[in-house]
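Hi there,

Here is the structure I promised to pass on. Please open it alongside this note, and I will walk you through what turned up.

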Amino acid sequence: MEFRMLKKKKSFLNNFKTFFLAIIAALTIRSFLFEPFSIPSGSMYPTLVVGDYLFVSKYSYGFSKHSFPLSLPIIPKRVFYKSPKRGDVLVFKTPTDNKTDYVKRVIGIPGDKIKMIDNRIFLNDLVIERKKIKDDQYTDTYGRNIKVERYLEILPNGKNYEVFELNEQMSVFDTNNFPEILVPEN
């Protein structure tokens, strides 16, 4: 009888140790290597679709407090920093919104001037090259079918990606034009 109790206790401790090590391994992987994300909006369509799941490298651009669960302020600044390049797709939080994850593509880097005129992006006063692929349709999150034109945009460094241009004005906001901005440092 005592032997069985000892065996059960040892089995319980082994299971607890295995569970504890699995939790530590998962937190380490998620904090320092890869983190899963779900795409919440269609802003990156057709590259990323609403509901897509992806694993994001946590070490590509260094580590910050956002590398830790709950964005714990364990690291005061970013360490092992490496700059993003044009064409990279990033997941980030803004300084003013520490809760929302944004998924966007880098077009401008610090010192660049960017503006949009009639849905054409200008980078340092030069229009970003694009080639029309075809007329297409996009179904938005409300089930509306929207006519779009599919383009291949080509950045100055040669990276390229597909984008949709709306054929119809879907909003009261003018998203096809914005004044020149200077991409700040950091």
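Before anything else, one term: two strands count as paired if DSSP finds at least two bridges between them. Strands E5 and E11 meet that rule, with three bridges in the antiparallel sense. Do keep in mind that this is a predicted model.

**The open sheet**

E5 and E11 belong to an open sheet of four strands, ordered E7-E6-E5-E11, with antiparallel pairing. At its edges stand E7 (126-127) and E11 (178-182); each has a single partner strand, so one side of each is left without a neighbour in the sheet.

**Strand E9 and its two partners**

Next, have a look at E9, which covers residues 145-154. Is this strand mostly covered or mostly open? Mostly covered: seven of its 10 residues are buried.

On one hand, E9 is joined to E8 (residues 129-139) by 10 bridges, and the two strands run antiparallel. In this pairing, Glu 129 stands opposite Ile 154. The two strands form a hairpin with five residues between them, and Gly 143 in the turn has a positive phi of about 85°.

On the other hand, E9 pairs with E10 (residues 160-166) over seven bridges, again in the antiparallel sense. Here Leu 152 stands opposite Glu 162 in E10. This hairpin also has five residues between its strands, and Gly 158 takes a positive phi near 95°.

**Salt bridges**

The count of salt bridges comes to nine.

Glu 165 forms a salt bridge with Arg 130, where the closest N and O atoms are 2.6 Å apart. Glu 165 lies in E10 and Arg 130 in E8, so to speak across distant parts of the chain, 35 residues apart. Are these two residues buried or exposed? Both Glu 165 and Arg 130 are buried.

Arg 150 deserves a look of its own. Asp 136 forms a salt bridge with Arg 150, the closest N and O atoms being 2.9 Å apart.

Why does Arg 150 count as buried? Its relative accessible area is 17%, and the cut-off for buried is under 20%. Glu 162, at 30% relative accessibility, counts as partly exposed.

There is also a network of salt bridges that links Lys 132, Asp 135 and Glu 149.

**The nonpolar core**

Finally, the largest nonpolar core is made up of 11 residues, among them Ile 107, Met 116, Leu 123, Tyr 151, Val 163 and Val 183. The elements that give two or more residues to this core are E5 (113-117), E6 (120-123) and E10. As background, nonpolar side chains tend to be buried together in soluble globular proteins.

Leaving aside its neighbours within four places in sequence, Val 163 is in contact with Pro 46, Glu 149, Arg 150, Tyr 151 and Glu 153.

Conventions:
Residues numbered from 1 in each chain as written. Predicted model: local features only at pLDDT ≥ 70, side-chain atom pairs only at ≥ 80, totals over all residues. Heavy atoms only, no water. Buried < 20%, exposed > 50% of the residue type's maximum accessible area, 1.4 Å probe, protein only. Core = buried A, V, L, I, M, F, W, Y, C linked by side-chain atoms within 4.5 Å. Contact = heavy atoms within 4.5 Å. Salt bridge = Lys/Arg side-chain N within 4 Å of Asp/Glu carboxyl O.
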